[in-house]
Structure formats: C-alpha cells, structure tokens
Amino acid sequence: MTKQDFISQLAEREDVDKKQAAAWVDAFLKALSEALAAGEKIQFVGFGSFEARDRAEKKVRNPQTGEELISPATQVPVFKAGKALKDAVAKK
C-alpha cells in the first residue's frame, strides 16, 4: 500500500475528502519526525512505539574494491510493534 492508497482508504473510512485526509497524514508524519529528531519516544499503547537510537561507528568493506571504510556513528529511527498489533497481524 502506498501513501496515496492509505490516504484514499482513510478518506473513505472517515467520510472526508482526500485533501483533508492527506493533511492529517502529512501532519502526523511531520509531528512524528520532529519528535524523533528531538530525541523523544512516541508510544501508542497496543500499537507500538517509535524512538531514535544511536548506531555506533563500525568498520565496513566496499564489496567492489575490498577497501575498508569507517561507517560513522548516527541515529536511526526504530519501531517496536505492540502486542495488539502483533496479534492483529499474526496468522492463526
């Protein structure tokens, strides 16, 4: 499902036009991104949690040349699914 497919489904489900649904999705994604960039953890009980974690510097190898490089330390976004989401997705 693409972002546009999701927006269409949301608009249909909530009986609003696609422009309003797109504004909701964009606002949600922007708020989520800004909170993660600020180092905050976002939790939706039953659904899951989002947070930014530090990834340590590490040695990597260029597969074409075999040259060793250093991958710098960085922060990465992480999502951990909650129990209700895991149960909803699990095949029974």
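Two strands are counted as paired if DSSP finds at least two bridges between them. The views below show a predicted model.

**View 1. The hairpin of β3 and β4 in the predicted model.** Strand β3, residues 58–61, and strand β4, residues 68–71, are joined in the antiparallel sense over 4 bridges. Within this pair, Val60 lies opposite Leu69 of β4. Between the strands of the hairpin there are 6 residues, and Gly66 takes a positive phi near 80 degrees.

**View 2. The open sheet of 3 strands.** The strands follow the order β1-β2-β5, with antiparallel pairing. Strands of a sheet pair through backbone hydrogen bonds, in either a parallel or an antiparallel manner.

**View 3. The pairing of β1 with β2.** Strand β2 comprises residues 48–55 and pairs with β1 in the antiparallel sense over 3 bridges. Opposite Ser49 in β2 stands Gln43.

**View 4. A nonpolar patch on the surface.** The patch is formed by Phe28, Leu29, Phe44, Phe47 and Phe79, which together have about 430 Å² of accessible area. One of these residues, Phe44, has its place in strand β1. The relative accessible area of Phe44 is 32%.

How values were computed. Residues numbered from 1 in each chain as written. Predicted model: local features only at pLDDT ≥ 70, side-chain atom pairs only at ≥ 80, totals over all residues. Heavy atoms only, no water. Helix = DSSP H or I, 4+ residues; strand = E, 2+ residues; numbered from the N terminus. Patch = residues over 30% accessible without salt bridge, like charges linked within 9 Å, V, L, I, M, F, W, Y side chains within 5 Å. Areas by Shrake-Rupley, 256 points an atom, 1.4 Å probe, with all protein chains shown as cover. Salt bridge = Lys/Arg side-chain N within 4 Å of Asp/Glu carboxyl O. Buried < 20%, exposed > 50% of the residue type's maximum accessible area, 1.4 Å probe, protein only.
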